[in-house]
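Try each task before you read its solution.

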Amino acid sequence: MKRSSKTMTILILVFAVSIVSLSVNVASAQAVPEWVKNTALWYGEGIVSEGEFLNMIKFLIENEVIVIDNIKEPTPQVVDAQVVIPNGNFDVTGAGFYSPLNLEVPIGTTVTWVNDDSVPHNIQSIDVSGKVIQLFNSPPLNTGDRFEHTFEEEGVYKYYCSFHPWRVGLVTVS
């Protein structure tokens with residue numbers, strides 16, 4: 001038991017020193033404050049709690065003893081911003097809904113609707129009450145035809161096929 005405790009203490013100490021050395025100014029062992037070394041050691045020995053140890057790390061970050069580069073996460077890019085009108089979509093009793101039914105995309109994405117059904121369809125933008133609005137509206141799309149629209153503003157955009165009004169879909173832009 002003593003051996004695993006010493007191993008754990010060494011691992012915790014190495015971890016604490018590694019965190020401190022992540023700062024912009026490369027830290028040598030002499031540059032690490034003694035209280036940091038002691039706190040890491042005390043945590044490894046079970047003298048201080050994990051919460052106290054994490055508060056020490058938080059203090060170092062807040063006071064810029066440890067500087068973590070602010071890395072901006074990339075905005076997810078939609079690879080396939082496509083809505084398929086599947087075969088059978090015209091049948092009121094069928095399950096051929098738009099695929100996907102709600103496409104979620106970032107601002108600036110161009111969405112392509114593809115008619116894979118055996119009959120023509122169109123894409124008509126509608127407001128919350130179901131009335132057609134002039135935001136994006138396609139001509140009749142025969143089998144294999146495509147229609148594109150680029151979404152420049154955040155929001156939830158509803159659409160439907162005026163030939164088959166029971167088929168309604170959404171594009172959510174964030």
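A residue is called buried under 20% relative accessible area, exposed over 50% and partly exposed in between, with a 1.4 Å probe and protein chains only. The model is predicted: local features need pLDDT of at least 70, side-chain atom pairs count only at pLDDT 80 or more, and totals for chains, interfaces and linings use all residues. Residues are numbered from 1 along each chain as its sequence is written, and side-chain values use heavy atoms, leaving out hydrogens and water.

**Exercise 1.** Is Phe151 buried or exposed?

Solution. Start with the relative accessible area of Phe151, which is 1%. That value is under 20%, so Phe151 is buried. Next, take Trp113: its relative accessibility is 0%, so Trp113 counts as buried too.

**Exercise 2.** Work out how the rings of Trp113 and Phe151 are arranged.

Solution. First, recall the rule: rings of Phe, Tyr and Trp (its six-membered ring) pair if their centres lie within 6.5 Å, and planes under 30 degrees apart count as stacked, over 60 as edge-to-face and the rest as tilted. The search of the whole structure gives eight aromatic pairs. For Trp113 and Phe151, the centres are 6.5 Å apart and the planes stand at 55°, so this pair is tilted.

Now place both residues, remembering that strands are DSSP runs (E, at least two residues) numbered from the N terminus. Trp113 belongs to strand β3 and Phe151 to strand β6, so the pair ties together parts 38 residues apart in sequence.

**Exercise 3.** Which kind of pair do Trp113 and Tyr159 form?

Solution. With 5.3 Å centre to centre and 80° between the planes, Trp113 and Tyr159 are edge-to-face. Tyr159 sits in strand β7, 46 residues from Trp113 in strand β3. Both Trp113 and Tyr159 are buried. To finish, widen the view: one aromatic cluster is formed by Tyr98, Trp113, Phe136, Phe147, Phe151, Tyr157 and Tyr159.

**Exercise 4.** Find which residues touch the most other members of the largest nonpolar core.

Solution. Such a core is a set of buried Ala, Val, Leu, Ile, Met, Phe, Trp, Tyr and Cys residues joined through side-chain atoms within 4.5 Å. The largest has 18 residues, and those touching the most other members are Val111, Trp113, Ile123, Phe136, Phe151, Tyr159 and Val171. Elements giving two or more residues to this core include β3 (109-115), β6 (146-151) and β7 (155-160). Apart from this core lies another, of seven residues, including Phe53 and Leu60.

Terms used
Helices (H or I, at least four residues) and strands (E, at least two) are DSSP runs, numbered from the N terminus.
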